[in-house]
Amino acid sequence: MNRVFNFSAGPAMLPQEVLERAQKEMLDWGGNGTSVMEISHRGKEFMALATQSEETLRGLLSIPANYEVLFLQGGASLQFSMIPHNLMRGKADYLNTGVWSKKAIAAAKGYGVVNVAASSENTKFTSIPAPETWDLDPQASYVHYTPNETIGGVEFHFIPETGEVPLVADMSSTLLSRPIEVSRYGLIYAGAQKNIGPAGLTIVIVRKDLLGHAITSGPLMLDYKIHAENQSMYNTPPTYSWYIASLVFEWLEKNGGLVAMAEVNRKKSEKLYSYIDGSGFYKNPVELSCRSWMNVPFTLPRTEMDIDFLEGAKKVSLLALKGHKLVGGMRASLYNAMPETGVDALIEYMKAFSARHGEG
Ligand code: PMP
């Protein structure tokens with residue numbers, strides 16, 4: 001079997017141990033003589049998995065008791081609408097630092113006044129505006145931001161200070177990559193398909209006092225309170241994705257939790273940035289202070305080299321390095337499941353490629 005190093009931005013690679021365990025349990029999960037995806041979500045077996053997985057996740061992130069954890073569907077994109085649906089009272093502040101921020105802003109517009117308190121669009125989203133320049137409104141219902149912009153490779157290495165105004169964070173491409181201070185946030189959400197598990201599951205961590213304020217005329221399915229009251233089982237949850245996520249949580253716990261993960265993730269990204277910066281061949285456009293640990297975009301000296309680079313990479317089992325079409329070039333995503341040896345293999349290949357092209 002030839003498992004490749006998969007640098008996909010998402011759905012992304014999962015820990016091999018998790019996949020092997022899922023394979024082993026496929027036909028007979030927990031001695032039940034059936035796979036986990038063939039049983040009722042309301043039965044005691046799946047309910048036990050749901051309870052245990054929430055407990056493990058709470059432990060990993062040290063989630064305080066005054067927060068609900070919801071296991072939902074609809075991806076992070078549905079959260080772009082659910083957040084204003086539940087929280088917007090007239091107006092909200094948004095930080096615009098990339099493609100995903102923009103999408104969140106677009107979805108919120110129908111719900112009230114959206115104040116773009118800061119934007120880095122003028123730098124083509126390669127920076128984060130200095131907090132002193134943000135035009136935050138103390139009367140806003142919440143402040144929304146994207147701690148890690150998956151496409152631009154831009155990351156906040158600090159938590160925005162918003163006073164009494166709840167902070168809402170799209171952590172799709174960063175949740176579980178390191179410890180976070182949950183109590184600084186009103187709401188955190190993430191699509192699962194990067195560090196958490198397969199697509200189909202969306203995690204929402206929300207402070208309890210923010211529940212129960214949804215627009216009453218809208219669909220009940222968009223109301224966080226309904227999901228909280230029903231332990232995320234108001235309708236059928238994505239049971240198989242939830243199960244895989246539960247295995248990922250266990251894997252994280254067994255491997256030293258998020259402190260250990262942070263150390264490895266920092267090291268992997270530093271290695272790659274340091275090679276890129278010193279290469280004189282590859283370039284990363286993002287300001288040093290806000291480079292992402294998770295998604296590392298880089299360009300080659302000429303775009304005509306891109307196809308050759310990607311084809312050669314595939315031949316040495318380095319997959320999915322093509323950058324997003326809006327940014328171009330390459331992008332290496334280094335989520336939790338990417339081992340340091342994957343980064344080493346990528347750097348070796350990049351060295352060989354630049355040597356072959358006589359410019360490095
Ligand atoms: N926000 C961020 C930061 C993302 O990276 C993505 C997906 N790449 C999304 C939102 C959209 O997620 P989904 O496809 O789960 O709706």
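Colleague: Which residues point one way from E9, and which the other way?

Modeller: Leu187, Tyr189 and Gly191 point one way. Ile188 and Ala190 point the other way. All are buried. Buried means under 20% relative accessible area; exposed means over 50%, and partly exposed lies in between (1.4 Å probe, protein chains only).

Colleague: What are these numbers taken from?

Modeller: This is a predicted model, where local features need pLDDT of at least 70, side-chain atom pairs count only at pLDDT 80 or more, and totals for chains, interfaces and linings use all residues. Residues are numbered from 1 along each chain as its sequence is written, and side-chain values use heavy atoms, with hydrogens and water left out.

Colleague: What makes E9 a mostly covered strand?

Modeller: Five of its five residues, 187-191, are buried. Strands here are DSSP runs of E, at least two residues, and helices are runs of H or I, at least four, numbered from the N terminus.

Colleague: How do you know that E9 pairs with E8 and with E10?

Modeller: Two strands pair if DSSP finds at least two bridges between them. E8 (residues 167-170) and E9 have three, in the parallel sense. Ala169 is the bridge partner of Ile188 in E9. E9 and E10 (residues 202-207) have five, in the antiparallel sense. There, Leu187 stands opposite Val206.

Colleague: Why is Ser120 called buried?

Modeller: Its relative accessible area is 1%. The cut-off is under 20%, so Ser120 qualifies. Ser120 sits in the loop between strand E4 (113-119) and strand E5 (143-145). Leaving out residues up to four places away in sequence, Ser120 touches Asn96, Thr97, Phe125, Ser127 and Pro129. Contact means heavy atoms within 4.5 Å.

Colleague: And Ala108: why does that one count as buried?

Modeller: Ala108 has 0% relative accessibility, so the label holds. Ala108 lies in helix H4 (residues 99-108). Beyond its neighbours within four places, its contacts are Phe80, Pro84, Met88, Tyr94, Val114 and Tyr142.

Colleague: How much of the chain is buried?

Modeller: Buried residues make up 54% of the 360.
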